[in-house]
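Biologist: I would like to learn how to read the packing of helices and the pairing of aromatic rings in a model. Could you take me through it step by step?

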Amino acid sequence: MTERDYLPSMIGETTAIMTLSMMLASVFMVTKLKRLFGIISTLITAMVLSVFFMGILPLFSGNLMIFIFGLTGIFITIYNGLLPVYAFELNKDVGNGALMGLLTVTFCIANAVIAIVGQGGIALC
């Protein structure tokens with residue numbers, strides 16, 4: 001792992017760029033991609049590209065790294081926007097509250113595990 005010597009302001013700017021890319025993807029891309037390619041192929045493509053861009057992110061620095069960070073945010077947004085829709089379509093007989101609760105708990109546990117593994121500390125949802 002390499003150190004980037006980022007200042008707090010640089011971390012904030014990079015986070016803002018990723019957040020902006022996520023907002024734009026959510027507003028302009030998710031529904032259109034679902035209509036064009038279908039929900040399953042869009043979900044799989046978004047997952048694969050998210051993993052790919054996260055995997056290559058440490059190989060770059062500077063503006064290219066920030067650009068790849070933004071691309072990663074786009075594909076995370078597409079996946080996160082379509083997963084609940086797919087889950088609800090697939091499980092129409094299950095109550096929406098139960099399904100949303102399951103998705104929320106799974107998300108919370110996944111974040112806690114990643115935080116613990118990534119930092120060696122304890123995270124609470």
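Biologist: Which residues of helix 1 meet which residues of helix 4?

Modeller: Please keep in mind that this is a predicted model. On the side of helix 1 the contact is made by Thr-14, Ile-17, Met-18, Ser-21, Met-22, Ala-25 and Ser-26, and on the side of helix 4 by Ile-66, Phe-69, Gly-70, Thr-72, Gly-73, Ile-74, Ile-76 and Thr-77. Sorted by class, the residues of this contact are 8 nonpolar and 7 polar, with no charged ones.

Biologist: How should I describe the way in which two such helices pack?

Modeller: In general, two packed helices are described by the angle between their axes and by the distance between the axes. Here the axes of helix 1 (residues 8-28) and helix 4 come within 8 Å and cross at roughly 35°, and the crossing is right-handed.

Biologist: At what angle do helix 4 and helix 5 pack, and how far apart are their axes?

Modeller: Helix 4 and helix 5, the latter spanning residues 96-119, pack at about 140°, and their axes are 11 Å apart. An angle over 145 degrees would count as roughly antiparallel, and helix 4 and helix 5 are therefore described as oblique to each other. The crossing of helix 4 and helix 5 is right-handed. Helix 4 contributes Leu-83, Pro-84, Ala-87 and Phe-88 to the contact, while helix 5 contributes Asn-96, Leu-99, Met-100 and Leu-103. This contact of helix 4 with helix 5 has 7 nonpolar residues, 1 polar residue and no charged residues.

Biologist: Let us turn to the rings. How many aromatic pairs does the structure hold?

Modeller: The structure holds 2 aromatic pairs. As a general idea, a pair of aromatic rings is described by the distance of the centres and the angle of the planes. Phe-52 and Phe-53 form an edge-to-face pair, with 5.2 Å from centre to centre and 65° between the planes. Phe-53 and Phe-75, in turn, form a stacked pair, with 5.8 Å from centre to centre and 10° between the planes.

Biologist: Why does the pair of Phe-53 and Phe-75 tie together parts that are apart in sequence?

Modeller: Phe-53 lies in helix 3 (residues 39-56) whereas Phe-75 lies in helix 4 (residues 62-90), so the pair joins parts of the chain that are 22 residues apart in sequence. Taken with the other pair, the ring pairs link Phe-52, Phe-53 and Phe-75 into a cluster.

Biologist: Which residues does Leu-33 touch, if neighbours up to four places away in sequence are not counted?

Modeller: Leu-33, which is found in helix 2 (residues 30-37), touches Gly-38, Thr-42 and Ile-78 when those neighbours are left aside. The C-alpha atoms of Leu-33 and Gly-73, which are 40 residues apart along the chain, are separated by 16 Å.

Technical notes
Residues numbered from 1 in each chain as written. Predicted model: local features only at pLDDT ≥ 70, side-chain atom pairs only at ≥ 80, totals over all residues. Heavy atoms only, no water. Phe/Tyr/Trp six-rings, centres within 6.5 Å; stacked < 30°, edge-to-face > 60°. Helix = DSSP H or I, 4+ residues; strand = E, 2+ residues; numbered from the N terminus. Axes fitted to C-alpha atoms, helices over the stretch in contact; angles between N-to-C directions. Parallel < 35°, antiparallel > 145°, perpendicular 65-115°, else oblique. Left-handed = near helix turned anticlockwise from the far one by under 90°. Contact = heavy atoms within 4.5 Å. Nonpolar A, V, L, I, M, F, W, Y, C, P; charged D, E, K, R; others polar.
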